[in-house]
Amino acid sequence: MKIAKQIFALSLATAMVACNNAPEANVQAEDAKQVDETKSAEAVTYAALTDADEISWRGYKTYSKDEHRGVIQVSEGNFKVKDGELVGGEFTIDMNSIQNSDVESDEYRAKLEGHLKSPDFFAVDSFPTATFVITEVNPADAAVESGATHNITGNLTLRGVTKSVTFGAKVSIDENNVSLTASNIIIDRSQWNVRFRSTSFAQFADIAKEEAIDNSIELNLNIQGAKS
């Protein structure tokens with residue numbers, strides 16, 4: 001009987017994974033890396049332009065097709081360019097600027113945005129900003145399907161937790177401008193202690209599966225800079 005129960009539990013778990021609506025994280029969160037300031041010595045600074053929707057996001061329910069999308073703004077930042085190559089940069093993200101773009105009801109949209117800013121998610125009263133500091137830039141494989149030209153590694157600080165992440169991005173530079181775009185960056189929010197309705201944490205282990213919110217958050221970047 002005990003073996004039968006174990007087999008049933010394993011089968012149920014397998015079925016739940018198979019029904020997972022959300023994409024798996026494709027960015028590994030690692031220990032923060034040291035910033036080598038010598039790489040940016042004598043580099044030219046390009047100030048980030050902050051008049052557009054620099055970051056778009058998408059969050060998912062785990063076992064249903066429900067999802068939400070929105071945008072968030074970079075409040076300040078810069079690129080460091082040396083000998084025509086991106087060598088560094090740092091950016092501040094205004095967590096109070098998080099907005100939803102798929103909910104039509106003004107009332108419900110306001111409630112959702114307020115919930116995202118609450119301690120259940122990003123706790124913006126305690127952590128009003130997030131930051132991303134570039135620690136390494138390397139050429140991407142020319143055959144990569146995403147069209148990325150570079151692999152960007154940097155320290156992402158979110159909700160007071162700093163982790164190193166690496167993702168592919170398309171970088172273009174001319175005498176006066178820098179452009180960095182990246183799509184389908186999927187991080188695991190639990191690595192930054194964003195817990196609400198995540199079955200990775202014991203407090204939500206018994207939550208009804210239709211209520212579970214997936215750990216995966218998709219980010220898309222469109223950050224432009226102009227020579228200071």
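Predicted model: local features only at pLDDT ≥ 70, side-chain atom pairs only at ≥ 80, totals over all residues.
**Stop 1: the core**

Start with Phe122, Ile152 and Phe167. These residues have the most contacts inside the largest nonpolar core. That core has 46 residues.

What does Phe122 touch, leaving aside residues up to four places away in sequence? The list is Met95, Ile98, Leu116, Lys117, Phe127, Leu158, Arg159, Val194 and Ile217. Two charged residues, Lys117 and Arg159, are among them.

**Stop 2: the largest pocket**

Keep Phe122 on screen. The largest pocket holds about 920 Å³ of space. Of the 43 residues that line this pocket, Trp57, Ile98, Leu116, Phe122 and Ile217 are the closest to its centre.

Next, select residues 213-227. This is strand β10. Strand β10 gives the most to the pocket lining, with 7 residues.

Colour the lining by class. The count is 32 nonpolar, 4 polar and 7 charged residues.

**Stop 3: salt bridges**

Switch to charged side chains. Side chains of opposite charge can pair when their charged atoms come close. How many salt bridges does the structure hold? There are 6.

Select Glu107 and Lys111. Their side chains meet in a salt bridge, at 3.5 Å from N to O. Both residues sit in helix α2 (residues 106-117). They are separated by about one helical turn, because they are 4 residues apart in that helix. Glu107 is exposed, at 57% relative accessibility. Lys111 is exposed too, with a relative accessible area of 53%.

Move to Glu211 and Arg197. The closest N and O atoms of this salt bridge are 2.9 Å apart. The pair links distant parts of the chain, 14 residues apart. Both Glu211 and Arg197 lie in the loop between β9 (177-188) and β10. Glu211 is partly exposed, with a relative accessible area of 31%. Arg197 counts as partly exposed at 25%.

Then pick Glu30 and Lys33. Their side chains form a salt bridge at 4.0 Å, N to O. Glu30 is partly exposed, with a relative accessible area of 39%. Lys33 is partly exposed as well, at 36%.

**Last stop: a network**

Finish with Arg58, Glu67 and Arg69. Select the three together. Salt bridges link these residues in a network.

Conventions
Residues numbered from 1 in each chain as written. Heavy atoms only, no water. Core = buried A, V, L, I, M, F, W, Y, C linked by side-chain atoms within 4.5 Å. Buried < 20%, exposed > 50% of the residue type's maximum accessible area, 1.4 Å probe, protein only. Contact = heavy atoms within 4.5 Å. 1 Å grid on protein atoms, 1.4 Å probe; cavity = no way out; pocket = protein on both sides within 12 Å on 5 of 7 lines; lining within 4 Å. Points joined across faces, edges and corners; volume = space filled by probe spheres on them. Helix = DSSP H or I, 4+ residues; strand = E, 2+ residues; numbered from the N terminus.
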